[in-house]
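Have the structure open beside you as you read.

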Amino acid sequence: MVGGFPKAEDDLPAVLAAHMDKPSVARTYDWYLGGTHHYAIDAEFGKQISATLPDIITFARQNRAFLRRAVRYAVDAGHTQFVDIGSGLPTAKNVHDVADQVRPGDTRVVYVDHDPVAQAHAEYLLDKHADPQRHKALFADFTEPEDLWDKVLGTGVIDPAKPVVLLAVALLHCLTPASQPQAHLDFLKDSLAPESMLIISHGWVDPDKDPVAYAKTMEVLDRYTHESTSPLYIRPPETVRQFFDGWTLQDPGLVWLPQWHPELATDDDEPFERPAHETRALAAAAVKPGA
């Protein structure tokens, strides 16, 4: 089983059926972004959730803007290898697009998702719009990190002897403590070469700053747990910071999404003019110490 579903290679029709009778986190996220790679069940769920918590659309769009800034930051620092876990749909302006804008033809990206419908769309989009020698999409589950890492290396795209940028953007809040996200992440961190980079964004609503939004968020999280293909679980800053243990946090540390290197935004990025905490997510990057 993967993420509570049969493995795709075991019974693809069963996997697809299991992912089609509930709204998908990845495909609903696409709806929040104004994309087109989702189904009616995802759109309806997204409409209901955003009616309760309009800031979830704000989060999705600001999180995507953060992802673009993070890729520019990593490429500017000399990184050329990316593994994007929980990638969803690699639509326009995703990791490979941004990386190639900064360093054309010289970066490599592996997208990983455990939603087989999202992964199938990803393969189609990459076949049409990317370089199959440098860009791959995999069906694998973060909660099976050894299998995931074997599949990443099996693409031949990533050289494990060289630094890798591990993107866990809007990923870890899809796992409850019972799923042991720290242990799975630690396996992947240990698998990476020195000078690798870990980039995380993670949902958080500060109950002291906005108790009404916090209460609405708890209502939304309950619906995701019971009605979608994956739960959502927010964590406070001190817990999110633990995901980086043993690595060196980069400036400006763990901050709200719009506060993380806003100077790397481009003219295509819509400025966020509300209080930063209203993006409802934290972000940071860290580097693995040298050998």
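This is a predicted model: local features need pLDDT of at least 70, side-chain atom pairs count only at pLDDT 80 or more; totals for chains, interfaces and linings use all residues.

## Two helices side by side

The packing angle of helix 3 with helix 9 (residues 211–227) is about 160°, and their axes lie 9 Å apart. The crossing of helix 3 past helix 9 is right-handed.

Which residues make the contact? Helix 3 contributes F45, Q48, I49 and T52, while K216, E219, V220, R223, Y224 and E227 come from helix 9. Sorted by class, the contact of helix 3 with helix 9 comprises four nonpolar, two polar and four charged residues.

Let's turn to charged pairs. The structure contains 14 salt bridges. In one of them, the side chains of R27 and D42 come together with an N to O distance of 2.8 Å. R27 belongs to helix 2 (residues 25–32) and D42 to helix 3 (residues 40–52), so this pair ties together parts of the chain that are 15 residues apart in sequence. Are these two residues buried or exposed? Both R27 and D42 are buried.

D55 and R274 form another salt bridge, and here the closest N and O atoms are 2.8 Å apart. D55 sits in helix 4 (residues 55–76), whereas R274 is found in the loop between strand 7 (255–256) and strand 8 (281–287), so the pair ties together parts that are 219 residues apart in sequence.

The surroundings of the two partners are worth a look. D55 has a relative accessible area of 12% and counts as buried because the cut-off is under 20%. R274, at 36% relative accessibility, is classed as partly exposed. A network of salt bridges links D55, D210, R274, E278 and R280.

## A pair from helix 5 and a loop

One more pair deserves a visit. The side chains of R134 and D100 meet in a salt bridge at 2.9 Å, N to O. This pair links distant parts of the chain, 34 residues apart: R134 is in the loop between helix 6 (116–129) and strand 3 (135–139), and D100 is in helix 5 (residues 95–102). R134 and D100 are both buried.

Methods. Residues are numbered from 1 along each chain as its sequence is written. Side-chain values use heavy atoms; hydrogens and water are left out. A salt bridge is a side-chain nitrogen of Lys or Arg within 4 Å of a carboxyl oxygen of Asp or Glu. Helices (H or I, at least four residues) and strands (E, at least two) are DSSP runs, numbered from the N terminus. Buried means under 20% relative accessible area, exposed over 50%, partly exposed in between (1.4 Å probe, protein chains only). Axes are lines fitted to C-alpha atoms, for helices over the stretch in contact, and angles run from 0 to 180 degrees between N-to-C directions. A crossing is left-handed if the near helix is turned anticlockwise from the far one by less than a right angle, and right-handed if clockwise. Contact means heavy atoms within 4.5 Å. Ala, Val, Leu, Ile, Met, Phe, Trp, Tyr, Cys and Pro count as nonpolar, Asp, Glu, Lys and Arg as charged, and the others, Gly among them, as polar.
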